[in-house]
Structure formats: structure tokens, C-alpha cells
Amino acid sequence: MANVSIRGLTKKFAEVAAVDDFHLEIGDGEFVSLLGPSGCGKTTTLRLLAGFLQPDGGEIRAAGEVISSPAHLVPPERRQMSMIFQSYAVWPHMTVAQNVAYGLKFKKLTKQEIEKKVTKLLGVVHLAELKDRYSAELSGGQQQRVALARALVVEPQILLMDEPLSNLDANLREEMRFEIRRLHDEYRYTTVYVTHDQSEAMTTADLIAVMNGGRIDQLGTPEDIYARPQSEFVARFIGASNVLKGTARDENHMSFAGATLRVTGAKLTAGQSAAVAIRQHDIEIATQAPASRENTIKATVTRQVYLGASRDYVVETADGNSLRVVTPTETAVDKGREVWLTLPSDRCRALDR
Amino acid sequence: MPASQTGTFRRVGYTGWSAFRFKDPTFPVWIGAAILLVFLMLLPLGAIFRASLWDDTGLTLNRYFEVFTNEQFLKAIWNTLIISTWVGVLAVMTGALLAFLVTRTDLPWKKPIRALVMASFVTPPFLGAFAWTLLAGPNAGALNKLYRAVTGSEEALFNIFTMPGLIFVMALYSFPFVFSMIANVCELISSDLEDAAEILGANKWRTAWTVTLPLAMPALIGGFILAFLQSLSLFGAPAILGLPAGLHTITTQIWALFQYPPRLDLAAAFSVPLLLATMALIAVQKKILGRKGYSTVGGKGGQKRLIHLGLGRVPVLLFVFGILSLSVFLPYWILLKAALSKAWAMPLTWDNFTLHNFSFAFFEYGDTQRAIYNTFKLGIVTATLGTLLATLIAYVTHRNLFRGARYLTFFALAPLVIPGIVLAVGLFIVYTRPPLVLYGTIWILFVAFLTKEMPIGFSQAESTFKSIHPELEDASRIIGANRLISLKDITAPLARSGLIAAWSFIFIGVIRELSAAILLFAPSSKVVSVVIFDLKEEGQVGVIAVLGTLMLAVSFLVILGVQWFAGRDVVATRE
């Protein structure tokens with residue numbers, strides 16, 4: 001196993017930085033997910049890690065040795081890594097067993113040893129029955145398992161995954177998430193997992209690095225990222241948050257829509273503009289004024305949609321701020337009605353950025 | 001643990017890294033292929049310019065002066081321009097009309113028609129020209145004899161040994177180029193555009209004239225240039241049909257300059273205008289066809305509705321088969337008849353039937369066995385090494401393996417603008433003197449063919465690579481295979497049918513090549529096309545017919561083999 005250390009990594013394509021001064025330390029056996037919208041540089045980072053691309057600045061070390069820098073590049077085949085691709089990249093001219101055995105060709109192993117390892121891995125990914133099939137005869141999920149087995153059989157130091165589940169249908173995707181996590185718990189490879197799907201990142205990873213504009217915006221456990229976003233970008237990208245913008249009164253109060261909200265999170269500076277995130281389902285809606293007036297705002301319903309499991313509201317405050325609120329289905333409020341919103345102070349997170 | 005800035009680095013398992021830190025062990029292969037390609041292309045061209053511009057005293061323009069004041073040379077240039085223009089016009093008219101009929105109307109028997117156009121495509125023009133000397137020679141030509149027999153006239157109806165005769169034959173073997181180009185465009189033009197015109201009240205033929213034709217215009221001009229270029233660089237047909245009438249073109253003139261006493265310097269100087277004209281025309285063609293949104297109208301296009309020919313179907317079909325009989329049926333028939341009869345001009349009766357031509361050609365006539373052996377040897381060696389080099393180069397450019405790799409495309413496609421005979425002049429100059437004397441051996445032909453066939457091999461390999469997802473190869477690299485092993489184990493097997501097609505195209509190109517071979521052969525390195533050309537002088541019609549039939553048969557077998565293989569391959573991978 002190996003730890004990975006990325007320092008100041010930069011990669012430009014035609015003068016535009018796809019990865020821009022990227023720093024990340026990944027501990028031995030840790031599972032890190034790079035999460036971000038398309039174009040945030042996460043796949044480029046992964047390809048830099050794999051050695052398919054050479055950085056324009058910074059360096060990548062694995063187990064202490066520089067493997068990528070503008071002057072040095074260890075080719076992919078010498079990095080003792082494995083990678084799982086978005087397209088699965090199962091070789092169509094080889095059977096399942098041949099696909100899985102291929103990487104062992106480059107290790108000094110006897111035929112029996114190879115066969116033993118292949119058989120074992122095929123068992124682990126539940127493909128033993130299909131070992132003589134070709135990829136054209138496999139479903140998407142089965143191809144994904146072949147890709148997994150092929151990547152794991154070589155016992156890599158580091159495992160890279162590039163949106164491995166994005167081509168699967170929803171049910172299978174859910175199942176494979178847990179499968180990937182199960183395999184990680186079994187083998188504990190240092191893993192970097194690229195995805196744009198937050199629930200995928202949350203189920204699989206120990207640590208999530210939310211990426212934006214070629215850098216890490218916030219690094220933390222799934223709970224950190226979800227419950228304690230530090231930036232507007234993370235608050236909006238992870239889960240469904242409203243970001244309220246107002247003026248700070250003191251370090252934990254902000255004026256917004258004619259009310260004063262008590263908030264937690266970052267310390268505010270009186271008089272400065274401030275941003276506060278609150279999730280759509282953390283806001284309560286009432287048609288009558290609540291007993292406690294703390295953290296309540298008056299607003300008007302401008303849209304109401306019944307979604308079966310919940311109701312989805314858009315409300316507008318008197319000064320024209322729009323908020324989205326998700327409530328249980330029981331509280332039906334018609335469009336045009338005046339409502340009181342309660343924003344619990346422990347759910348209002350002041351943002352650093 | 002996360003966020004540590006000074007993690008404890010373990011070295012287990014990473015000992016192999018340092019040694020390879022700087023080097024990709026496969027790099028020499030890629031750079032080697034690139035250098036080989038660049039030399040292959042630059043040496044002959046450099047030699048031509050050098051030989052045309054330098055003499056013992058230094059830089060001089062005397063050769064150009066000599067070439068461009070000599071009346072005979074100017075006449076050859078003039079002839080070439082007239083011939084090529086007419087060939088271009090005729091080829092576009094025929095090719096475009098056939099392409100339109102096949103793609104946009106309900107003409108029956110489209111598959112056989114396409115196959116026959118393909119057959120015209122595969123027929124070497126010099127063989128077609130030879131067949132037409134048997135069909136329309138003024139005295140013994142079969143069509144003229146028929147005409148005399150029917151009308152009782154003493155005159156000949158056709159004389160193929162004239163400029164119109166030459167233009168006619170060259171157009172017959174140039175129109176397939178235009179056909180395939182226009183057919184592609186016609187398939188792209190969506191009927192929506194035409195429907196729009198019809199809604200506005202135009203009838204079908206008017207729509208074809210006012211909408212379809214202008215949309216196809218860039219392709220028509222491109223097709224004209226293609227046919228023009230094709231006839232500019234042809235040697236065999238003008239030599240067979242023009243020389244007996246004292247009609248020289250640029251290519252035959254260059255050839256004549258190689259006859260005793262050879263004037264290499266003049267040949268080089270005379271090659272330069274041909275080379276420059278070709279380059280200029282290709283540049284124009286690229287510009288016209290490259291204008292996006294116009295030539296590739298509507299992308300994949302919508303539905304295509306076919307124009308109903310109605311009662312016109314039968315006459316149109318007869319017309320189409322009339323044209324194809326001129327390029328395929330009649331020439332093939334006369335060749336086969338000549339191969340199988342004692343006296344080719346007599347009717348093929350039992351008395352006249354013989355297999356002697358075959359036994360004579362294969363076992364008795366001095367040059368043929370060796371020439372057949374040489375031809376196949378060159379075909380196989382060139383196709384194999386050519387496919388290998390083209391594959392490596394296409395891989396380098398496609399994956400952009402090093403800085404400037406994209407420019408290799410230019411070198412790989414450069415021979416498109418070098419007429420075969422010009423290439424031969426350059427190679428002759430390079431390889432008749434040290435350090436590498438190849439002249440007199442079969443290897444100078446190998447170099448010529450390798451150079452000449454590089455564009456077709458390269459384009460084929462490149463489009464094959466484009467269809468293979470790069471992640472398939474990344475997947476093998478990351479688990480331990482270097483580039484070369486990945487290419488061998490993953491990409492090459494997946495590219496197999498495409499590369500086999502590349503091999504076959506090169507092979508067919510080589511076995512029919514005449515214009516470069518005619519300047520570069522030595523007595524021991526004759527190839528079939530050169531033997532046919534020589535036999536023409538000796539009047540050995542039967543033997544020529546046998547060799548021509550053999551050449552055609554092998555070409556068709558290779559094409560059928562590729563189609564069978566490609567079809568099977570598709571079924572096997574089921575993708």
C-alpha cells in the first residue's frame with residue numbers, strides 16, 4: 001500500500017488551467033473521492049495520477065517517491081496502480097478470464113498461480129460462471145465487475161476509479177456502490193474515486209474532496225461536507241441548500257429579509273456582507289405566526305408542487321428573495337398564501353466563502 | 001492519516017521506479033518510425049529540386065529555361081492540360097450522374113451497379129487502355145470490324161490512337177473516383193432540404209437542379225480536381241494510346257527523357273511544374289471541400305426519399321449499363337477472349353480456342369515467371385511493412401505521442417501530391433549513387449511503392465484508430481503493459497479488420513503500379529505491369545491478356561477476401 005502526496009499540481013490545456021495548484025495528502029489505504037461538476041478538473045487530476053498526463057507544475061509522490069513532475073514522469077505501467085474507467089474498457093477480443101488474467105502476464109508468476117488468482121477474484125466479484133464469455137455477451141453491471149476484477153487482481157498499490165458507475169442504470173448503481181466499498185474494506189487499497197454524484201461519493205469514500213475550478217474547495221468526511229459546508233459552492237453543490245445573503249450584525253447574527261437570523265458556523269464580522277446556507281428541508285412552513293419569533297421570516301408562496309413523498313415550495317420574501325422549501329405532504333399551502341418560515345438557528349450555517 | 005504534510009513514506013514495492021523515471025522504453029520505436037517517414041518523403045523531393053537547380057558550376061536555372069523554351073516540351077504540357085481538363089469534365093458528368101441515380105432514385109440493381117463501378121476502379125488504366133486498343137484500334141479493332149461488317153464500309157468507326165480516344169479511355173477509369181465522392185455527398189443531403197423546395201412548388205427535377213446540385217457543387221468541383229489530377233499523373237494509358245500517334249504528355253515526356261541518352265537533369269526540371277501543379281490543385285480541393293456546413297450538408301441528414309423514375313427506369317438502366325460496358329464488360333470480354341484464343345481478332349470458336357497463351361505466359365516466355373514472382377514479393381513485402389509503418393505513424397499522430405507529432409500527417413499524405421513518375425525520378429537520383437545504391441535491385445521498387453502507398457495505408461490506419469476507444473489501451477497500460485505491448489495485445493487485434501483492409505489496399509496498389517516502376521526497374525527486377533508494357537511493343541497480345549486477367553483476378557480475390565473477413569469480424573465481436 002502507499003500514501004499519495006499531491007503538491008501544487010497544475011495542468012494546462014491551451015493556456016487554460018484544468019488543474020490549478022492542487023494539494024492533497026492521501027493516507028495509506030484511504031478512500032478519497034474527488035467530487036465536482038463536469039469541467040472541475042477531477043478527471044484530469046485522476047489522469048495525472050495515473051501518469052497518462054504530465055503536469056505543468058507541482059508534483060505527485062507515491063510512497064515518498066516523485067512519480068510525476070514537469071521533469072519526471074513514471075509511465076503508467078510502472079506505477080503499480082490500477083484504474084477503472086467510465087467506459088469499463090473491457091477488451092472485447094478477450095474472454096472474461098483473459099481480461100482478468102492479462103495484468104498478471106507482467107508479473108513473474110506460474111500458470112497455476114495466475115489461474116488461482118483469477119479464479120479467486122472472479123469469485124469475489126461473482127463472475128465465476130461467466131469466465132468464458134466475451135464482453136458483448138455481458139450486461140453493463142457484469143462488465144463493470146470484470147473491470148473491477150481486472151484492476152484488483154494485480155494487487156495495485158493505488159486504485160483509481162473514473163466515474164465507474166455513471167453508465168449503469170439506477171438500481172445497479174446503488175448495488176455497485178456498496179460492492180465497491182465492500183471490496184475496499186476487504187483489500188484496503190489506497191483509492192481515488194472520481195464522481196459527480198454526491199450520494200455515490202458519500203456511500204463509498206472516507207474523505208470527500210469537493211473540486212471547483214481545478215482546486216479542492218473543501219476536504220472532509222462525508223458528514224463534514226454535508227453538514228458543515230464552508231463555501232457557497234459546496235453548500236449549493238452538496239444537497240439542496242438555499243444560500244441567503246445579508247449583512248452581519250455580530251459574529252453570529254445576520255440581517256436578512258427584514259429579520260435577524262441567529263446562525264452557527266463561521267464567525268461573522270459585524271457590518272460585512274455574509275452568506276448563510278440552509279437546506280430546503282430544514283426550513284419549516286407555518287400558516288400562522290409561530291409562538292417563538294426567533295429566526296422567522298414572512299414570505300408568500302409562489303409555487304407548490306406535490307411530489308408524492310414531499311411537497312416542494314418556492315416562497316418569496318417581501319424584499320424579493322426566493323427560497324425553496326421541501327416539507328412533508330401533510331402541510332398543503334396554496335399558491336399566493338402568506339406563510340411564516342422558521343429557520344432553526346443550528347441549521348443556518350454561516351459560510352467562509 | 002489525512003491532511004498530513006509529512007507522511008511516512010514506505011518504499012516497499014517501488015524499487016523499480018527510479019531506473020525508468022525519465023524514459024519511456026518504447027520511445028525509440030515511435031521516433032524511429034517518424035524519422036523513417038520523414039526521410040522517405042524528403043529524400044526524393046529534395047533530390048528533384050537539387051538536380052533541377054544545380055549543375056557542376058552551381059545554382060542555375062538553365063534546365064528550367066531549356067524545358068520551358070523547348071517546343072516539344074511545351075507541346076507536351078499543352079496536351080496534358082487539354083487531356084486532363086476533358087477527362088475531368090467527362091469524369092464529373094458520368095460519375096456525378098451515376099452517383100445521383102444510384103443514391104437518389106429508385107433505379108433497380110443498385111448493388112451490381114456499385115460493384116461494377118468498383119470493378120472499373122480496380123482496373124488499372126493501362127490495362128483498360130490496352131483492351132481498348134483491341135476494341136477500337138483502327139484496323140483490327142473488334143468494334144471497327146463489327147462496324148465494317150454491318151455497314152460494308154471500308155472506313156474505321158473509331159480510332160483509339162487519337163487524343164479523343166485517349167481522353168475517352170482515361171475518363172472511363174477516372175469517373176469511379178468522382179462517383180464515390182459524389183455518392184457520399186448525395187447520401188448526406190437530407191430530403192428535408194429538397195422537400196422545402198417542393199413545398200414551394202418546384203417539381204422533382206427542378207428541385208434536383210436548383211437545390212441538390214448547388215449543395216453538391218463543392219463535391220463536384222472536388223471531383224473534377226481529383227479526376228484532373230489522376231489524369232495528370234497517369235503514365236500507362238497515354239503511353240499506350242498517345243505515343244503511337246506521336247502524342248506526348250508530361251509523364252511520357254519524362255519517361256522519354258530517361259531513354260538513351262538519359263537527361264536526368266531535364267527530367268527533374270520537367271517534374272517540378274507537375275509537382276507544383278499537383279500541390280496547388282490539392283490545396284484548392286482541400287479548401288473547397290473543407291468549408292464546413294456546406295459540403296457536408298446537414299450532417300447525417302434526415303430521411304431520404306427516392307425520386308421515382310417511372311417509365312424512365314428501363315432506358316436509364318440501359319444507359320448506366322452502357323457506360324459500365326465501356327469500362328468493364330467490353331474490355332474484360334476482349335481480354336478474356338484474347339487470353340483464350342489463338343488469333344485474338346478471330347471469333348472465339350473451338351478451332352480458335354487455346355490454353356497455349358497461359359502455358360506460354362507462365363512457363364515459356366522469359367520474363368513472366370520472374371515478374372510474377374517479383375510482383376507478389378513486392379506486393380506482400382510492401383503491404384506488410386507499409387501497414388506496419390502506417391500503423392505506427394497513425395498511432396503516433398492519433399495519440400500525439402510527442403511534440404509536433406501532428407505534422408507527421410502531412411508527411412504521410414505527401415505522396416498524394418507526388419505523381420508516380422515524379423517520385424521515380426527523385427528516387428532514381430537518390431539511389432543510383434552512394435551511400436545507398438538500390439538501383440538495379442528490387443528494393444528501389446520497394447521504396448517507391450512504400451512511399452507511394454503510404455497515404456492510403458495511413459488514412460486507413462488512422463480511421464481505424466479513431467474507432468477504438470483510447471480507454472481500452474489505457475486500461476492495459478495502467479496494469480503493466482507498455483505502449484508497444486498495449487498496441488500489440490489490445491489495439492492491433494481490435495484494429496485487425498481495418499489493418500487488413502490497409503494491407504489489401506497497399507497490395508492491390510502495388511501489383512498494378514506502372515508509372516514509378518517503368519523508370520526504376522532493371523532486367524532482374526521487372527514486375528508484371530512493366531512486362532505488359534514491354535510486351536505491348538512486341539505485340540504479344542495473348543500473353544498480355546493472360547497477365548492482365550491474372551492481375552485483375554488477384555485484385556478481385558483480395559477485395560472479396562477483405563469483405564468476407566470484415567463481415568465475419570463484425571459478426572464475431574457482435575458490437
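Student: Okay, in which hand does helix 19 of chain B pass helix 22 of chain B?

Tutor: Keeping in mind that this is a predicted model, helix 19 of chain B passes helix 22 of chain B in a right-handed crossing.

Student: And which residues make that contact?

Tutor: On the side of helix 19 of chain B the contact includes Phe449(B), Glu453(B), Ile456(B) and Gly457(B), while helix 22 of chain B contributes, among others, Leu499(B), Phe505(B), Ile506(B) and Val510(B). By class, the residues of this contact between helix 19 of chain B and helix 22 of chain B come to nine nonpolar, five polar and one charged.

Student: How are helix 19 and helix 22 of chain B oriented to each other, and why?

Tutor: Helix 19, residues 443-466 of chain B, and helix 22, residues 496-511 of chain B, pack at an angle of about 160°, with their axes 9 Å apart. Angles over 145 degrees count as roughly antiparallel, and therefore helix 19 of chain B and helix 22 of chain B are roughly antiparallel to each other.

Student: What about helix 5 and helix 14 of chain B, what's their angle?

Tutor: Helix 5 (residues 125-136) of chain B and helix 14 (residues 313-340) of chain B pack at about 75°, with their axes 9 Å apart, and they are therefore roughly perpendicular to each other. Trp132(B) and Leu135(B) are among the residues that helix 5 of chain B brings to the contact, and Pro331(B) and Ile334(B) are among those from helix 14 of chain B.

Student: How many charged residues does that contact of helix 5 with helix 14 of chain B have?

Tutor: The contact of helix 5 of chain B with helix 14 of chain B has no charged residues, with nine nonpolar and two polar ones.

Student: Then helix 1 and helix 16 of chain B: which way do they cross, left-handed or right-handed?

Tutor: Helix 1 of chain B passes helix 16 of chain B in a left-handed crossing. The contact includes Trp30(B) and Leu37(B) of helix 1 of chain B together with Leu389(B) and Ile393(B) of helix 16 of chain B, and its residues divide into 10 nonpolar, no polar and no charged.

Student: Switching topic, how much of chain B is buried?

Tutor: Of the 575 residues of chain B, 47% count as buried, and the secondary structure of chain B comes to 25 helices and two strands.

Student: And which domains does chain A have?

Tutor: The domain assignment of chain A gives domain 1, 4-227, and domain 2, 240-350, and 40 Å separate the centres of domain 1 and domain 2 of chain A, taken over C-alpha atoms.

Key: Residues numbered from 1 in each chain as written. Chains lettered and ligands numbered in written order. Predicted model: local features only at pLDDT ≥ 70, side-chain atom pairs only at ≥ 80, totals over all residues. Axes fitted to C-alpha atoms, helices over the stretch in contact; angles between N-to-C directions. Helix = DSSP H or I, 4+ residues; strand = E, 2+ residues; numbered from the N terminus. Parallel < 35°, antiparallel > 145°, perpendicular 65-115°, else oblique. Left-handed = near helix turned anticlockwise from the far one by under 90°. Contact = placed C-beta atoms within 7 Å. Nonpolar A, V, L, I, M, F, W, Y, C, P; charged D, E, K, R; others polar. Domains from an automatic or database assignment. Buried ≥ 20, exposed ≤ 12 C-beta atoms within 10 Å, placed from the backbone.
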